[in-house]
Amino acid sequence: MTLLFNEYHEIASIAARYAPGDGAFQTEIESLGISRRSTPSAPCHSSYRPCFAMVIQGAKSLQLGTDTINYGAGDYLLTSLDLPVAWRVVEASPEVPHLCITLAISPEKLLDLLGRVDLPRPVEPASGQRGMVVNIATPELMDAAVRLLRLLDNPNDIAAMAPLVEQEILYRILTGPAGGQLINIAVADNHGHRIARAIAWLRENFARPLRIEDLAEHVNMSVSSFHHHFKTITAMTPVQYQKQLRLHEARRLMLIERLDVGTAGHRVGYQSPSQFSREYSRLYGLSPLRDVEGMRAPIAAE
């Protein structure tokens, strides 16, 4: 496995220095993170927030609802709203580790830029357009990403220069092939923005019983339109989305707060312990108890 393009050497070199081992590293630039893996990984379940994530080396695969998304060196993943996913690194080695830079997208900065730059407003998303897409990084986008990482070697410049380069990256995304999707999520009075509001409600209230009619009314949509556009953007139904939020939180409660299985399931909204165990096993491949015990074992051995 080798680097695909010579122009990635500099950004790979900088990224490797600020991610000295496997894992995710926060940099001195608040919105910028770097992840590194030296071997392929098993599937990991988590939620992706709005962000720009560019692979520098290696390759990664994501499962979003019914979709499988693959991307590798030179590709960037644009996530335009909060989405639960299962991801895994599929190409990595100690010699050429998987390296990825992630830039969080601030809704406030996005709206500020849209208010100052005259960009055409797109029509509503076509059927099948997701809230998570992959595109090839343009030379202009790659150049801006390199300049952002160079600031890590000049920390005194970060406060003045990082916001400008971040704005440039956001502008390059907005004027690229996925820009319309990001605009549709950000701008009020269209379906993408309404679905984003519904997702925000679900994240705050995932343990409560879900009535689709009430949620559709909350975002000013008919039930049929809400169902259609929610699944178009997220690749899952609202009930499936809520279920993943619940199970992710239950897993965190058992692993981090060390709650027992029954308490964790009840805390996230399950009234039936058997239903909780059944749905947990379907998502994670193991019963709650076996899954958590397996994750705790490496921690206890350290």
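This report walks through some helices, cysteines and a loop residue of a predicted model.

In this predicted model, local features need pLDDT of at least 70 and side-chain atom pairs count only at pLDDT 80 or more, while totals for chains, interfaces and linings use all residues. Residues are numbered from 1 along each chain as its sequence is written, and side-chain values use heavy atoms, with hydrogens and water left out.

**Two helices and what covers them**

Helices (H or I, at least four residues) and strands (E, at least two) are DSSP runs, numbered from the N terminus.

Buried means under 20% relative accessible area, exposed over 50%, and partly exposed in between (1.4 Å probe, protein chains only). In α6, the buried residues are G192, R194, I195, A198, I199, L202 and R203. Their cover includes β3 (44–48), α5 (179–186), α7 (212–218), α8 (223–234) and α9.

In α4, the buried residues are I158, A162, V165, E166, I169, L170, I173 and L174. These pack against β4 (51–57), β7 (75–79), β9 (98–104), α2 (107–116), α3 (139–150) and α5.

**Where α9 meets α11**

Helix α9 (residues 238–255) packs with helix α11 (residues 273–284) at an angle of about 95°, and their axes are 11 Å apart. The two are therefore roughly perpendicular (65 to 115 degrees). Axes here are lines fitted to C-alpha atoms over the stretch in contact, with angles running from 0 to 180 degrees between N-to-C directions. In contact (heavy atoms within 4.5 Å) are K243, Q244, L247, H248, A250, R251 and M254 of α9 with F276, E279, Y280, L283 and Y284 of α11. By type, the contact residues divide into 7 nonpolar, 2 polar and 3 charged.

**Cysteines**

How many disulfides are there? Taking a disulfide as a pair of cysteine sulfur atoms within 2.5 Å, the count is 0. For C44, the nearest cysteine sulfur is that of C100, 14 Å away; C44 is partly exposed, at 23% relative accessible area. For C51, the nearest cysteine sulfur is also that of C100, 8.2 Å away, and C51 is buried at 8%.

**A loop residue**

D260 sits in the loop between α9 and α10 (261–267). With a relative accessible area of 46%, D260 is partly exposed.

Definitions and conventions. Parallel < 35°, antiparallel > 145°, perpendicular 65-115°, else oblique. Nonpolar A, V, L, I, M, F, W, Y, C, P; charged D, E, K, R; others polar.
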